[in-house]
Amino acid sequence: MEIENILMYALIGALVSLAIRLMNRSPEKLIESTDGEAITLRLNRFYQISGIITIGIGGLFSFFILTDETETNPLIVLIFVWIFCLMLALPVLLWYMNHRVTFDEETVTSWDWRGRKTSIAWQEITEVKFNALAGSIMIKGNGEVAKAHQHLVGLKSLLQMLVKKTPWRAKELNLPIK
């Protein structure tokens, strides 16, 4: 194996490790309410950056495909490249743009990746559990399910309110937050 390949794999590994570390640290931030206003939690900006980079990579591959004179039918390859890149980028960007959780002393409100809103009063919560596969906390009550993704910046603030307002404890949920 050439030294360039080893260095490239080491750089990719370091960048992925750094990104995961940054995403896992941001939920541990505490966000305080000012004057009793609701607190809004949003996903880490890394989601937006990775979606934009994926679309940029699709554009870069498109440029190389269109300028390659040996390619006999670049349109088919171009379509597959864009379908692949958009299948990766759009869900990530939609999560970043639409998913948020707002909570105050009375209710917790969640918006999913499509922007659909779910509100549950703290006293109406019947179940709270962490889905490790989806990476989200599911808060159930009054026939609704509000979800909070594990990479929301300031998720620890929501957990503190959850402990304060409900019988569930963060430690019992096996959350990846200290």
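This is a predicted model: local features need pLDDT of at least 70, side-chain atom pairs count only at pLDDT 80 or more; totals for chains, interfaces and linings use all residues.
**Salt bridges, a helix and a patch**

Colleague: Lys 164 first: buried or exposed?
Modeller: Exposed, at 56% relative accessibility. The scale calls a residue buried under 20% relative accessible area, exposed over 50% and partly exposed in between, using a 1.4 Å probe and protein chains only.

Colleague: OK. Which residue does Lys 164 form a salt bridge with?
Modeller: Glu 105, with the closest N and O atoms 3.2 Å apart. Glu 105 is in the loop between strand 2 and strand 3 and Lys 164 is in helix 4, so the pair ties together parts 59 residues apart in sequence. Salt bridge here means a side-chain nitrogen of Lys or Arg within 4 Å of a carboxyl oxygen of Asp or Glu. Helices (H or I, at least four residues) and strands (E, at least two) are DSSP runs, numbered from the N terminus.

Colleague: What else does Glu 105 meet in a salt bridge?
Modeller: Lys 165, at 3.0 Å from N to O. Lys 165 is also in helix 4, so that pair ties together parts 60 residues apart in sequence. Glu 105, Lys 164 and Lys 165 are linked in a salt-bridge network.

Colleague: How accessible are Glu 105 and Lys 165?
Modeller: Glu 105 is partly exposed at 37%, and Lys 165 is partly exposed too, at 31%.

Colleague: How many salt bridges in the whole structure?
Modeller: Four. One of them joins Asp 112 and Arg 116, at 2.8 Å from N to O. Asp 112 is buried at 17%, whereas Arg 116 is partly exposed at 47%.

Colleague: Back to helix 4. Which of its residues are buried?
Modeller: Helix 4 runs over residues 155–165, and Leu 155, Ser 157, Leu 158, Leu 159, Met 161 and Leu 162 are buried. They pack against several strands, among them strand 1 (39–42), strand 5 (125–131) and strand 7 (144–149).

Colleague: New topic. What does the charged end of Arg 100 sit over?
Modeller: The ring of Trp 111, 3.9 Å from the ring centre. The test is NZ of Lys or CZ of Arg within 6 Å of the ring centre and within 35 degrees of the ring normal.

Colleague: Which residues make the nonpolar surface patch?
Modeller: Ile 49, Ile 53, Ile 57, Leu 60, Phe 61, Phe 63 and Phe 64, covering about 690 Å². Patch residues have over 30% relative accessible area and no salt bridge, with like charges joined within 9 Å and nonpolar side chains (Val, Leu, Ile, Met, Phe, Trp, Tyr) within 5 Å. Areas come from Shrake-Rupley with a 1.4 Å probe; for residues, only the protein chains shown count as cover. Ile 57 is in helix 2 (residues 46–67) and is partly exposed at 39%.

Colleague: And Leu 78, what does it touch?
Modeller: Ser 62, Ile 65 and Leu 66, not counting residues up to four places away in sequence; contact means heavy atoms within 4.5 Å. Leu 78 lies in helix 3 (residues 74–98) and is buried at 15%.

Technical notes. Residues are numbered from 1 along each chain as its sequence is written. Side-chain values use heavy atoms; hydrogens and water are left out.
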